Structure formats: structure tokens, C-alpha cells
Amino acid sequence: MGKFMNDESKLYAETKQVNQFFRRFNNEEGPDGIRYSVRSKEYRNPDTRDTYLNILFDLENPSLDEQLRKQFISIVNNDSAPQFLDFHADGWFAEVKTKFLYRGKPSYVTFYLELEQENLGYKWVLTNVFFEEYAQILEEDGLNQNKFLHPMSHELDFMNFIKVFDDKSSIEEYTSHGFSADYLSVFIYEFKQGLFEYQTVMNLKFHFFQIPGWYFELEKFNRSGYNTGWLISRLTPITEDEKAVLMKYIYHD
């Protein structure tokens, strides 16, 4: 591989942009970074695409073993039913870890964003947020429903509200089944109240579910050598049931 890497040094150069990752994954640009015409014989050519796909993994990650990568590439680059990524389609989203001052103290907030079409273009929109303090306060352990309002409470003009609002720790028990706190709404409210002061972005990665039966993570690696830039840092085959579980894990639900 070392000789091949030396011969194809440009090909193994850093994948500098996420957009470039898409084009390399699909083999829609040449080693010189120039996009192929859709009429070019090289456009999505499976032979050169195979080379591209092999350089898009974090090769220093031992969990991305060679057999797993080969299995993924053989499915993605199958001659009869090749799989491609679509920048504007559903099935991928960003996770951005940020630093704020919350009530004057340094705190970390993780945002989840998806592309949304607007008129003839697209924009990134906030879809979810995770903040540790919200999770601690609004955790769902109060949903045992041991406490409740008697069905005849209305006849007493809900005078028993006193027991509802006398204990902050169990307020969730008086909500309906299926209640789930909307952290993003809470964040927006508190941000408008001036409780958050933005500092900086700490970390960025992307989650991909666009290849049926597979999940992978994309992260940026700044290091010397050829295996650098935006690379697949995690890869796993996944069922629909497992996807639901993984989504809850990613969102800290």
C-alpha cells in the first residue's frame, strides 16, 4: 500500500470538506479535486470509486477492521445496485458540541441539525439539543405515575393542586402517558431569557443512515500523513430496530 500511496499521493490527500467527502464517496471528482461531468466515463466509475472508498476511513481506528470495511464497500460499490450518498436527502445529520456560559458558568450544549429545503435552496436547522442540566432536572424517572389527581378533582375546583406544585421533583407524574420534555423549546426559552451566552464550537461530527442496513459516523482528523481530513470513524451494520435504539443513544433520550 505504501508504494501505491506514493504513486497516488494526490488521491490520498486530505478530504478537506464534507462536500468533498460526498463527491469522493460517490466518485464524482478526480484525484485533482476537479468534478467529473456526469457524461464522463469516470463519473461514478466503480473501479476508481473502489479506490476512493478505501481512503475514506480512519485507518488508525482498530474497530474499523478490514473485513468490515470490505463488506461495506462491496455493498456500496455493487455493480448491479450501487449505493450513493445524497447531500440534500434525509438520512444524515450534524451533531455540534458547543460551549456556553450558562448562568455565568462554563457549560456544554450539544445541538443536532438537519438540512431543510426552503424555496430553491437548503438551510441547516436545529432539530434537537442535549444539555446535561436539563437531563438531570427533566429526567423521566418521575413517570412512575404513583402520584395522580383524583378524577373527581374538578368538583373541588382542583384545590388539590397544592400537592402537585408543592414538590418540584415529582411534577412529571401528573403529566399524560408519553410525556417527553422538549429540550430545544426549553433551551430557546432560556436563551431568550439571557441565561445562555455563546462561547464557541468544541466538536463537530455527522451521523449517516443513508446506506440501507448501515450506519456510519464522519469526523475530521487533523494529523500528518495521508489518512487525514473528514473520515469515517465508526461503521456498523444495523437493523431498523437497532437504528431506533441508536438514535435514542445519540440524542441522549
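Predicted model: local features only at pLDDT ≥ 70, side-chain atom pairs only at ≥ 80, totals over all residues.

User: What makes β2 and β3 a pair?

Analyst: The cut-off is again at least two bridges. Here 10 bridges join β2 to β3 (residues 121-131), so the pair qualifies, with the strands antiparallel. Y112 stands opposite N128 in β3. These strands form a hairpin with two residues between them, and N119 in the turn has a positive phi of about 55 degrees.

User: Why are β3 and β6 called edge strands?

Analyst: Follow the order of the open sheet, which has six strands: β3-β2-β1-β4-β5-β6, with antiparallel pairing. β3 and β6 (229-237) each pair on one side only, and they are the edge strands. On average, neighbouring strands of this sheet are turned by 30 degrees against each other, direction ignored.

User: And what joins β5 to β6?

Analyst: Eight bridges do, between β5 (residues 214-221) and β6, and the two run antiparallel. The bridge partner of L218 in β6 is I232.

User: Which strands does helix α8 touch?

Analyst: α8 (residues 240-250) packs on the sheet and touches β1, β2, β4, β5 and β6. Its direction makes about 20 degrees with that of β1. Then there's α7 (residues 183-192), lying across β1, β2, β3 and β4 (196-208) and running at about 90 degrees to β3.

User: What angle and distance describe the packing of α3 and α4?

Analyst: Helix α3 (residues 46-54) packs with helix α4 (residues 66-76) at an angle of about 145 degrees, their axes 11 Å apart. α3 passes α4 in a right-handed crossing.

User: How do you know which residues make that contact?

Analyst: Contact means heavy atoms within 4.5 Å. From α3 the contact is made by R49, D50, L53 and N54, and from α4 by R69, I73 and V76.

User: What kinds of residue are they?

Analyst: The residues of the α3 and α4 contact divide into three nonpolar, one polar and three charged.

Terms used. Residues numbered from 1 in each chain as written. Heavy atoms only, no water. Axes fitted to C-alpha atoms, helices over the stretch in contact; angles between N-to-C directions. Helix = DSSP H or I, 4+ residues; strand = E, 2+ residues; numbered from the N terminus. Left-handed = near helix turned anticlockwise from the far one by under 90°. Nonpolar A, V, L, I, M, F, W, Y, C, P; charged D, E, K, R; others polar.
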